[in-house]
Structures are given as C-alpha cells and as structure tokens.
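Here are a few friendly notes to read with the model open beside you. Take the points one at a time and find each residue as you go.

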Amino acid sequence: MSTPQKPFSRVVEAIPPSGIRKFFDLAQSMQGVISLGVGEPDFPTPWSAREAAIHALEHGATTYTSNSGLLELREAVTDDLADRYGVRYRAADECLVTSGVSEGLDLTLRALLNPGDEVIVPEPCYVAYQPCVAFAGGVPVPVALDPGDAYRLDPAIIGAAITENTKAILFGSPSNPTGSAQSAADIEALAALAREHDLWLLSDEIYDRLTYHGTHTPVSAAAWERTVLLGGFSKSYAMTGWRVGYVCAPEPLAQLMHRIHQYTMLCAPHMSQIAALEAMRTAQDDVDEMVADYDRRRRLFSKGLDELGLTCPVPGGAFYVFPSITATGMSSEEFAEGLLTQEKVAVVPGNVFGPSGEGHVRCSYATALPQLEQALERISRFIGS
Amino acid sequence: MREILTVLESDAHASSERIATLTGIDEATVREQVAAWEASGVIRRYKAVVDWDRFGDERVTAFVDVTVAPERGRGFDDVAERIARFREIRAVHLVSGAQDLRVEVEGASMKEVADFVAQKLSGIDRVTATSTHFLLRRYKDDGQLLTDPEPDQRLSVTP
C-alpha cells in the first residue's frame, strides 16, 4: 500500500531545508570538534530558575496555564519593558507568552498576512525569517545589507524595495548572524519610513540584553503603534530548551495572534513559565556576569580574527562575529567544510543566512576562552596551509 | 577598571597584554593600574586555588566554634588575634549567635587537629568552650564549585 498520491503543500515543498543541517550532520560524525557553530549560550540556565522549576514540578505545575500565559509573568515582562525600553504594554491584552520567539513570529505573520502580501527581510538574517513568511502565505522580499557599512539597516536600501504590496519589515537587532546592533538614528529613520508607507515593523529583540556598546535600541520606543516586539528568555537567561518567550503588540493585532495561539499551542509550558518568572526576579546578576564574559570573548576573538586577516566589523551585540573570508579565495561553503574536515572547527557558512552572506562565515563565541584561543590557532593553520 | 580585577580574580596569571585584549583598556593603563592596586593593597596577593584532596594530600580541616568569656571594657580583638597567629589556624571570624568566634583549623591528621584544639586553643585566656566540627567533604570553596562541571549538551551546529 502506498501513501496517497495527491501532492503535498506546494508552499512547504518549495522551501529548501536549512543549509545548517548539512554541517550539523558532518560535525556530529566527528570527534574532537571545537564548535563555533552553536546558536545558543554555553552557560547553563541560572540555578535559581532551574530550582524554581524543580519545585514547581514537585508541587504539580504540570497543567495548562491561561492561553495568554501566567499573568504574573506577563506583568513582570511588561513592567520590565516599561523600565528598560520606556514603553508600556498592557499585561492583560497586549502581551502574550509564547513557546519562544519562533512561535511568536509564526503567530505574527499568520495574523498579519493575506496571500501575496510582501514582507521585506533584510539579509543576512536568521534562517527562519523567509520560510516563516512563505508558510504564512506571504512573499518574502530579501534585501541585501552592506557588510562595508556594518550591515546597517540603511533606510535608502530598505525604501527601494517597498511596493504597494509591502506590509511589513522583518528584522532582528542585535542580529543573528552578523552581531550588528542598529543605532537609534537608523531605527528612527526606519520608523519614519514605516509611517510614510503605513508598514508594520516586526522586531526580533531576543538578544536585547546582550549588547556591548551602550544600551539596546528598542524599536517599540520609536514606533509603538506599528511595532510587533518579539522577545524571550532563551539567549539572555540561557534558557533555550525551555521554549518560552513573549510577543507584545497593539491590542487589535495581539488579539488575533491570541486567537491562533489558543487553537494551536494553547500555552507555553507551565513549568517553563515559572522558571522564566524566577529568572526575571532573581537572575539579573547571572545575566550581568554572562554579558561581561561574552564581552571579553568578543574582544579576544574579533582581535584574533583581525590578526589573521579575516576582517569583520566589531559586533555590537548577540554572540556572533561574521568575518569576511574572501581573502582566502574560498567560497563560504568551501571554507566551512575545509575548516571542519582539516582542523575540526565548526563554523556556519554565511550563505545559509542569505545570498549577501556569501564570502562570510558565522562564528559563535558562546564558547569558553581556552577553546576560542585554540580555534584561532586552528583557523590560522587552516588558512596558512 | 573594575573589569581588570574581574579578569585577574579568575586568572591571576593573565598578562597585561591579555587583560588589555579582554577588557579593551590599553596595555599601559592596565600595567599602571595593577601596580597601583598592588601598592595600595586592593590586590593583596596572587594565589592558586588548589584542590589538595585531588593532589592526594590528606589534610584534615575542622571548624571550631569558640566561646569567649566577656570582660568589662574588652572586646574580642585580643583573643581573636592571639588565636589567629597560630600556624594551624586558616581563618578566624567573629560571628553572631550562641558562640563568638568561628575558626578554621587545619592539620595533617585528626589527632593533630584534636591536640591543637585541646592543648592550644582551649587553653587560651578567656576561651571558655570549644565545639569542633570536622570537615567531611568540600562541595564549593571560595565561590568555586568543586564538583564535576555539567557536560555541554548542546548540539554542535544550531541556527
């Protein structure tokens, strides 16, 4: 008996699998690999949050929560945003606890897009942005940013891609994979552009606490009425596996997102929400220590790359550097594959984050200092050979 | 500037050049600042955190609660300093609670520690009682977990 012969979803079949997969399979099959390919912190979740979750499990927090998420958590999130961003969202109906930013992004796009609506996606960017737009029936419009301009969200480049079908601009700052953090002036200019063309700004701010040159520039502070703020605990509190994040948006859109969420995910994991709440209450010192540690690694690693002639703008946030490898004469994939097989260092080829990432590789410095130093030695040997 | 101390606290071996790289402060400034802190006593000394058990050295440690007889017009300083000067004493703290001083004694064997407490510590003027707790196992010392680190469970390449 064969499975039904009728075609699968054309939309899904048209999306290629992530280019990261190939390197994952290769790296997994090898011993002694130093991985700079990991998009998550090397720190464990702060103990206070883990202990709170253990206690919660012992006391039966194994049920659904309200669809929106625990009210206490939403209040903690909205108070924190008022404090750090200077914007006020109502915990009751403008904030939704999601299973990570990934779910928040999916809800946003599905609530917002009609077939054929265009979403401008500046790249290189996180691998899921364009597929998620397509899954929601929209048309992703990739726009290449300029590495020579530190991947700045230049309003002129973005503006040139706007058509009458454009509905939103989707971006992350600080950025995965480039580590660039946008300036307040550029965010202001982008907000003005969005206002002029009546667009939404879909802002992935998952790395908001991981900034190294001054403080984070929140998009919602520049354009509250047209911003969808996607945030979470995964990166700043080292809580990737808990799958808990949040999305904040003006009430009419937030309620449509809530509608999808209540029929699909229902709620984020109860025990994870409790852990996230405890992290917000007690783990600020842990976060500060992690950020200080990333900052030291960032300085050491970007200096090391620079000395090897692999130039990159010094990243302002997240835990990635995105050096140019064009001086080696190799393509991104050749470089990444050669480095992995010859010297056992895993990096991610830049082209998986969009065509303009070609000629670059993404290196994550969420790895202990001695390993970063060893990786630099191996990279040096590789490009010298 | 505080960052310089953070680096040195976790790696006393760090050179000025390395500290400069890690903190973004220029090397000459790092060198001057460290020298100034060494002179003023902000940096007391450089030491290694040694796990003697792992080395195979069988030392014995005891925490001893010491009760001191109160005497009009005299505090605890003279008794505390007298105790602190013994080579066997690793630490002396004045604490709140039922006893007055909590001291840490180290010796080559239980007998050596017991003899020290019985013959030296309890014989000091105004020491009226001691309560000795032998240390069985250290789990965390000086802010440093001594248990094995948690394994890295991350996948090697993720988005």
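1. Start with Arg126(B), which sits in the loop of chain B between helix H6 (110–121) and strand S4 (127–134); helices (H or I, at least four residues) and strands (E, at least two) are DSSP runs, numbered from the N terminus. Its phi is near 80°, a positive value in a residue other than glycine. Is Arg126(B) buried or partly exposed? Arg126(B) counts as partly exposed because it has 16 C-beta neighbours inside 10 Å; buried means 20 or more other C-beta atoms within 10 Å of a residue's own, exposed means 12 or fewer, and partly exposed is in between, with C-beta atoms placed from the backbone.

2. A word on what you are viewing: this is a predicted model, where local features need pLDDT of at least 70, side-chain atom pairs count only at pLDDT 80 or more, and totals for chains, interfaces and linings use all residues. Residues are numbered from 1 along each chain as its sequence is written, while chains are lettered from A and ligands numbered from 1 in the order in which they are written.

3. Arg243(A) also has a positive phi, about 55°, although it is not a glycine. Look for Arg243(A) in the loop between strand S7 (227–232) and strand S8 (245–248) of chain A. Arg243(A) is partly exposed, because 18 other C-beta atoms lie within 10 Å.

4. Now find the loop between strand S5 (166–172) and helix H8 (184–197) of chain A, which holds Pro174(A). The peptide bond leading from Ser173(A) to Pro174(A) is cis, with omega near -5°. Pro177(A) lies in the loop between S5 and H8 too, and a cis peptide bond with omega of about 20° joins Asn176(A) to Pro177(A).

5. Which residues does Ser18(A) touch? Leaving aside residues up to four places away in sequence, they are Val127(A), Val352(A) and Pro159(B); contact means that the C-beta atoms, placed from the backbone, lie within 7 Å. Ser18(A) belongs to the loop between helix H1 (10–13) and helix H2 (20–28) of chain A. Its C-alpha atom is separated by 9.6 Å from that of Pro131(A), 113 residues apart along the chain.

6. Finally, consider the two chains together: twelve residues of chain B are in contact with 24 residues of chain A. On the chain B side, four are nonpolar, five polar and three charged. Here Ala, Val, Leu, Ile, Met, Phe, Trp, Tyr, Cys and Pro count as nonpolar, Asp, Glu, Lys and Arg as charged, and the others, Gly among them, as polar.
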